[in-house]
Amino acid sequence: MIRTDTAPIWHPYTQMKLADTPIKIAHAKAAVLFAADGKEYIDAISSWWVNIHGHAHPAIAHAIAEQAKTLEQVIFAGFTHEPAIRLATRLLDILPDKLTKIFYSDNGSTAVEVAIKMALQYWTNQGHDQKKRIIAFENAYHGDTFGAMSVGARSAFSAAFDSFLFQVDFIPAPDPMNMEAVKTRLVELVSTEQVAAFIFEPLVQGAGGMLMHQASLLDELIQIAQDHGVLCIADEVMTGFGRTGKYFATDHLVRKPDLLCMSKGITGGFMPLAVTACSQAIYDVFYADQMDKTFFHGHSYTANPLACAAANASMDLLLDPSCKQQLDGIMQSHEAFKATLAGNPHIKDCRQTGTILAIEIQTPESSSYFSSIRNHIYQFCLDRGVLLRPLGNTVYIMPPYCITKAELEKTYSVIQELIESLHAGS
Ligand code: PMP
């Protein structure tokens, strides 16, 4: 029997009619994917940003295997288990002190859904039924479910559903030029007393194009929102667990969010798991004798023990001092490569936050996810053994922390070659 992929399978974010046959990966180790046909690829985007310590890491694989022999899954209403308790306690140890409760779910979009629902019900539980509006950044991306789509930018991704999405007030992400105007608009919005929450991807807006803003500017916006009684939701689904050089992007801020969403790197990229952490003040508003104040939300696989075991093992690696050295090494390498691109007329912008380096390539068109250059860049790098999945004309590196110096150098040299080839072609 010939086993093909595309007969039974419909892939995510893929126009099945136009897409090439997917590459079959047989196994993976550290930062490298090994294809069934013998080719090798450096996973320079951490497999959609989830992998942090490398593929098939023996410590995480071992933790999952041991857990599977003991308890694979149990309903999380009315029951609990050690891996979930241990993980929640350890997460609170590294999260900002303001966050005191851990609510589990199973992917980034659901972590965001939970945060939005908690924020809205926080107000209705207190009888503030007018507080229903949400503020988000332009170009935001928070996931693909309806609530998460609603707080994200309207785009080709959401077009078929736009009329079903709830209204959100979008403000530009701050930069030194627009800051005064953004602050004025924010004050205007929060002064209506109708705003329940302000949601943002702190420091780096990922799917929107790896757009970056300064911590100090975001701090000022959080302060305005919180001073007007608006709950702040940090979506750290991408930025969490070391990506920005600290455990959380929020660690670069003075003002701390009231809710924080995590997923992706939480299990080291081994298992689907997500967390929405919230402040004691939020939890207390749900803690009541009346049943109708309950947070009626849960997923079948809430706090799956295998996923929690993977997350605990991943946390051991994250807290090990050698991980900090890996992060520092990547950041320094990125900085050095970025310096070599300075002044290059084919680069529109090159920006870095922690271990994330984004290079926006100059094209005759304006920057867009559907840039005609996108497929060329993707294939060019793949043909040279590096998996980079550009967001339109923005190519970015977001590697597993275990990536070697040689693998990083190869990734840079492929990007360098790409830029030179574009130059030759222009
Ligand atoms: N929030 C952010 C900031 C993300 O980058 C993503 C995924 N790229 C999500 C939420 C959604 O996560 P998931 O794909 O796990 O639903």
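Residues are numbered from 1 along each chain as its sequence is written, and side-chain values use heavy atoms, with hydrogens and water left out. Because the model is predicted, local features need pLDDT of at least 70 and side-chain atom pairs count only at pLDDT 80 or more, whereas totals for chains, interfaces and linings use all residues.

We can begin with the sheet. Three strands form an open sheet in the order β13-β14-β16, with antiparallel pairing; strands (E, at least two residues) and helices (H or I, at least four) are DSSP runs numbered from the N terminus, and two strands pair if DSSP finds at least two bridges between them. β13 (347-353) and β16 (394-397) stand at the edges with a single partner strand each, so one side of each has no neighbour in the sheet. Neighbouring strands are turned by 15° against each other on average, direction ignored. Between β13 and β14 (residues 356-361) the antiparallel pairing runs over 6 bridges, and Asp-349 stands opposite Glu-360 in β14. Helix α10 (residues 321-341) packs on this sheet and touches β13, β14 and β16, contact meaning heavy atoms within 4.5 Å. The direction of α10 makes about 165° with that of β13; axes are lines fitted to C-alpha atoms, for helices over the stretch in contact, and angles run from 0 to 180 degrees between N-to-C directions.

In α9, 12 of the 15 residues are buried (under 20% relative accessible area; exposed is over 50%, partly exposed in between; 1.4 Å probe, protein chains only). Among them are Cys-308, Asn-312 and Met-315. At the start of α9, a side-chain oxygen of Asn-304 comes within 3.1 Å of the backbone nitrogen of Leu-306.

Ser-150, in helix α5 (residues 146-150), counts as buried at 1% relative accessibility. A polar atom of the Ser-150 side chain lies 2.8 Å from the backbone oxygen of Phe-146. Beyond neighbours within four places in sequence, Ser-150 is in contact with Leu-165, Phe-166, Val-168 and Phe-170.

Finally, the residues surrounding the ligand include Trp-49, Tyr-141, His-142 and Glu-201, each with a heavy atom within 4 Å of the molecule. A polar side-chain atom of Ser-109 lies 2.6 Å from a ligand oxygen.

Notes
Polar contact = N/O pair within 3.5 Å; in protein donor to acceptor, adjacent residues only side chain to side chain.
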